[in-house]
Amino acid sequence: MEVDTVAGVSSRAERKALDKAKIVQRENERNVFKVVTRIMKKAEEDRTEEETRTLLRNQDTVDELCKRHVRSSVLKRKQEEVCDESEELRSKVAQLAETVRQAQHLVVYTGAGISTAASIPDYRGPNGVWTQLQKGQAVCSSDLGKAEPTFTHMCIKMLHKENLVKHVVSQNCDGLHLRSGLPRHALSELHGNMFIEVCTSCTPAREYVRMFDVTERTSLHRHGTGRRCSHCAAELRDTIVHFGERGTLEQPLNWRGASEAAERADVILCLGSSLKVLKKYACLWSMNRPAKRRPKLFIVNLQWTPKDDLATLKINGKCDDVMNLLMKDLDIPIPLYNKAEDPIFDQATPLRLEEEHSHTRSLIAPPAGQEDCSPDTQDPATGKPLQGGWFGRGYSKGRKKKKAI
Ligand SMILES: [Zn+2]
């Protein structure tokens with residue numbers, strides 16, 4: 001018993017001494033780091049002999065600090081936004097235009113950078129969607145519903161109409177490609193569409209396009225939107241693929257369309273994507289083909305991407321600027337977004353009366369001149385109050401006028 005106590009005391013004392021020694025050592029290391037960092041900030045010719053000796057004595061610390069410096073400058077360079085000079089941009093776009101003309105099967109990949117002009121936050125900015133994802137928040141912020149197709153969306157839709165673009169693969173869930181008028185079959189929305197909710201109990205899955213962001217109650221592994229299928233009464237779910245999930249819905253993800261397009265592609269044009277997520281989808285890059293037979297890769301992005309080294313051409317510019325030059329080079333008129341022609345007004349399924357208050361998100365405003373949504377609105381034809389909430393009031397009037405034209 002006595003022996004035990006003595007041993008206990010001694011080991012406690014030893015532990016204490018050991019702990020103290022460790023603390024002192026760490027403190028010393030910290031001081032050395034501080035001193036070495038201060039000396040290294042000085043130009044070599046300004047260092048005293050004593051300082052030079054200190055550096056030699058602490059070569060390990062010097063090496064470690066050099067390594068850290070290289071790492072941080074590489075990281076800084078990758079995050080920097082670079083813009084080509086206008087002359088260089090012009091000549092690069094001319095090269096792109098030639099390729100677009102000659103391509104047999106051009107596929108376009110798009111990311112958040114094509115929507116920033118529509119005031120949608122970039123993916124990796126401080127308020128970007130990426131940052132939200134890392135906090136476990138939903139991909140789509142409520143502001144996304146206010147955005148409209150950008151210049152770039154409209155150009156892509158036109159290039160498809162001219163049969164120059166065969167398929168578009170997007171990681172954006174803002175629904176702007178569809179709203180630009182790009183047909184469904186030519187689009188894969190790999191991370192879903194914030195305006196679409198689906199019933200997976202119906203076969204095939206039944207889709208409901210809405211005029212508001214359906215994702216306000218959904219998050220990682222929680223996809224129920226709170227509304228129900230009007231055919232089978234099962235709960236509807238959003239189509240969003242959250243970070244850390246694997247999307248399995250056939251539509252709007254359309255993986256089959258995306259991989260078939262990639263398989264046939266001879267040119268891939270990446271617009272406004274950091275490619276950090278897209279690079280992980282092996283089937284999009286034809287890596288199974290021998291290197292020489294892989295599609296030509298054109299990348300338009302302000303920041304570094306992990307595919308830059310493999311690119312036939314990297315264009316450092318804003319998507320809208322590049323598309324403007326490209327359309328001029330190709331001599332194709334640039335269509336403007338016209339809200340009255342936005343397909344969402346035709347595709348949207350009206351909410352049932354009892355669902356009217358099932359969301360708090362703002363509606364996509366009806367086309368100009370049709371924005372009267374006051375609850376007392378009467379149908380001009382019958383004089384009777386219109387039913388069905390926003391749908392009956394704003395939407396059907398918009399349709400009537402459109403048909404009259
Ligand atoms: Zn159903």
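Of the 405 residues of the protein chain, 35% count as buried. The model is a predicted one. The protein chain contains 11 helices and 10 strands. Among contacts between residues at least 6 apart in sequence, 68% join residues at least 24 apart.

Six strands form an open sheet in the order β3-β2-β1-β8-β9-β10, and their pairing is parallel. The edges are taken by β3 (187–189) and β10, each of which has a single partner strand, so one side of each is left without a neighbour in the sheet. With direction ignored, neighbouring strands of this sheet are turned by 15° against each other on average. Within the sheet, strand β1 (residues 106–110) runs parallel to strand β2 (residues 165–170), and five bridges join the two. Thr 110 has Ser 170 of β2 as its bridge partner. Helix α6 lies across β1, β2 and β8, and runs at about 145° to β2.

The other sheet is antiparallel. It is open and has four strands in the order β5-β4-β7-β6. Its edge strands, β5 (206–209) and β6 (224–228), each pair on one side only. From one strand to the next, the twist averages 35°. Strand β4 (residues 196–199) is paired with strand β7 (residues 235–238) in the antiparallel sense over two bridges. In this pair, Glu 197 stands opposite Asp 238 of β7.

Helix α4 was examined next. This helix has 17 residues and reaches 24 Å from its first C-alpha to its last, close to the 24 Å expected at 1.5 Å a residue. Lys 92, Val 93, Leu 96 and Val 100 of α4 are buried. These residues cover an arc of only 100° around the axis, which puts them on the same side of α4. An α-helix has 3.6 residues a turn, so residues three or four places apart point the same way. The other side of α4 carries the exposed residues Glu 87, Ser 91, Glu 98, Arg 101 and Gln 102. The buried residues of α4 are covered by elements including β1, β9, β10 and α9.

Helix α9 can be described in similar terms. Its 12 residues (residues 319–330) should span 16 Å at 1.5 Å a residue, and the end C-alpha atoms are 16 Å apart, which agrees with that expectation. Cys 319, Val 322, Met 323, Leu 326 and Met 327 are the buried residues of α9. Seen down the helix axis, these residues fall within an arc of 130°, so they line one face of α9. They pack against the helices α4 (86–102) and α6 (151–161), and against the strands β8 (267–271), β9 (296–300) and β10 (313–315). Just after α9, Asp 331 takes a positive phi of about 60°.

Methods:
Residues are numbered from 1 along each chain as its sequence is written. This is a predicted model: local features need pLDDT of at least 70, side-chain atom pairs count only at pLDDT 80 or more; totals for chains, interfaces and linings use all residues. The expected span of a helix is 1.5 Å times one less than its number of residues. A residue is buried if 20 or more other C-beta atoms lie within 10 Å of its own, exposed if 12 or fewer, and partly exposed in between; C-beta atoms are placed from the backbone. The arc is that of the directions from the helix axis to the C-beta atoms. Two residues are in contact if their C-beta atoms, placed from the backbone, lie within 7 Å. Two strands pair if DSSP finds at least two bridges between them. Axes are lines fitted to C-alpha atoms, for helices over the stretch in contact, and angles run from 0 to 180 degrees between N-to-C directions.
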